[in-house]
Amino acid sequence: MKAEQISDVCTFHGEGPYWDPRRGELLLVDMTEGDVLVRHDDGSFDRHDVHPRLAGVLRGRTSGGYVIGVERGFVFADESFSTLEQGPEAFGDTAVRMNDGGCDPAGRFLCGSMGWEGGFGAGALYSLDHDHSVSTLLRGVTVSNGLHFSPDGGTAFYSDTPTGRIDALGYDVDAGVFTDRRTFAVVEPALGMPDGMAIDADGGIWTALYGGGGLARYDAGGTLSELVRLPVTNVTACAFGGPDLRTLFITTTQENIPAGSEPAAGALFAVEPAVAGVSLPMFEG
């Protein structure tokens, strides 16, 4: 498989790609600009400013519009991003910011954090429930990344990036809590560090390789089965999209790249795997 560049440079720190089946379009964030981008069929983008400092990850709401993890909490946006409603704050520490996340099968929005300066263990993983209450599911996280659930909802796949692992956590969907944790796959240091992820219909986990210039797939048993190379060093996240969920969209960043050294850094890429993705749950609150 070969990744194709499908946009000019459109972000400084591209992250959080999300295929919205309601509008049939890809959304992503320019994280440290606080912007959400909507990509149209003709390849053009609309850019919406949703926060002064940071927009980490977004998901659709069953009631309409979107929930967005921002610097220290959550905001709600209508479908056009013209109306923003402040949601709850998850934490007050100004040295910490939100990063990545996703929804569980019951429609809670789980969003994890990290230190602005990457402090060891400064982050956590939070859960925004249907009633907009916030609880803490994990503590002592350094860089919270990637969160997807098995088809039955009983297993969550998650990375704390500096550990170099993708973990599988037992999950009680009714209670919304983790029950156990094990290593699902170890990303060899030579490949890079696990960043944002996607899950396919065969239970394979695709992870962006930050610092490794690629994308890796680990099959349902945790064995490396695919490796896709990109012409940029810092690959940040991926998401299945398209009408049949057979296109894997990939975001990249200019972060930590010397100016002008990688002309495609910050562009959007895509690849067509042999397996389709799965539909993602939306936020029920």
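Is Phe 184 buried or exposed? I looked this up before anything else. Phe 184 counts as buried, at 7% relative accessibility. I note at the outset that the model is predicted.

**Entry: aromatic pairs**

I searched the whole structure for aromatic pairs and got 9. I then took the pair of Phe 157 and Phe 184, whose ring centres are 5.0 Å apart. Their planes stand at 70°, so I logged the pair as edge-to-face. The cut-off for that class is over 60 degrees. Phe 157 belongs to strand β15 (residues 155-160) and Phe 184 to strand β17 (residues 177-186). The pair therefore ties together parts that are 27 residues apart in sequence. I checked the burial of Phe 157 too: it counts as buried at 7% relative accessibility. I also found a cluster in which ring pairs link Phe 149, Tyr 171 and Phe 178.

**Entry: strand β19**

How many of the 6 residues of strand β19 are buried? I found 6 of the 6 buried in this strand, residues 205-210, so β19 is largely enclosed by the rest of the structure. I then went face by face. In a regular strand the side chains alternate between the two faces of the sheet. On one side of β19 I have Ile 205, Thr 207 and Leu 209, all buried. On the other I have Trp 206, Ala 208 and Tyr 210, buried as well. Both faces are covered.

Next I looked at the partners of β19. Strand β18 (residues 193-199) runs antiparallel to β19 and is joined to it by 5 bridges. Met 197 has Thr 207 of β19 as its bridge partner. The two strands form a hairpin with 5 residues between them. In that turn, Gly 203 has a positive phi of about 85°.

Strand β20 (residues 214-218) is also antiparallel to β19, with 5 bridges. Here Leu 209 stands opposite Gly 214. The hairpin of β19 and β20 has 3 residues between the strands. Its Gly 211 takes a positive phi near 85°.

**Entry: a sheet of 4 strands**

In what order do the strands of the open sheet of 4 strands run? I read β10-β11-β12-β13, with antiparallel pairing. The edge strands are β10 (96-103) and β13 (134-141), and each pairs on one side only. Neighbouring strands of this sheet are turned by 20° against each other on average, direction ignored.

I followed the pairing of β12 (residues 123-128) with β13 and counted 6 bridges, antiparallel. Gly 123 has Val 141 in β13 as its bridge partner. In the loop between β12 and β13 I stopped at His 132. His 132 is partly exposed, with a relative accessible area of 26%.

Most residues other than glycine have a negative phi. I noted two residues with a positive value. For His 132, phi is near 70°. For Leu 245, phi is positive at about 55°. Leu 245 lies in the loop between β22 (235-241) and β23 (247-252). At 14% relative accessibility, Leu 245 counts as buried, whereas His 132 is partly exposed.

**Entry: Asp 20 and Arg 22**

Which backbone nitrogen does the side chain of Asp 20 reach? It is that of Arg 22, at 3.0 Å. Asp 20 lies in strand β2 (residues 14-20). It counts as buried, at 1% relative accessibility. Leaving aside neighbours within four places in sequence, I found Asp 20 in contact with Glu 25, Leu 27 and Tyr 66. Tyr 66 came up again for Arg 22. The charged end of Arg 22 sits over the ring of Tyr 66, 5.0 Å from its centre.

**Entry: His 51 and Arg 53**

I placed His 51 in the loop between β5 (45-49) and β6 (55-60). His 51 is buried, with a relative accessible area of 16%. A polar atom of its side chain lies 2.9 Å from the backbone nitrogen of Arg 53. With neighbours within four places in sequence left aside, His 51 is in contact with Glu 33, Gly 34, Val 70 and Glu 71. I then followed Arg 53 to its charged end, which sits over the ring of Trp 116, 4.3 Å from its centre.

Note on methods. Residues numbered from 1 in each chain as written. Predicted model: local features only at pLDDT ≥ 70, side-chain atom pairs only at ≥ 80, totals over all residues. Heavy atoms only, no water. Pairing = 2+ DSSP bridges. Axes fitted to C-alpha atoms, helices over the stretch in contact; angles between N-to-C directions. Buried < 20%, exposed > 50% of the residue type's maximum accessible area, 1.4 Å probe, protein only. Polar contact = N/O pair within 3.5 Å; in protein donor to acceptor, adjacent residues only side chain to side chain. Contact = heavy atoms within 4.5 Å. Phe/Tyr/Trp six-rings, centres within 6.5 Å; stacked < 30°, edge-to-face > 60°. Lys NZ or Arg CZ within 6 Å of the ring centre and 35° of its normal.
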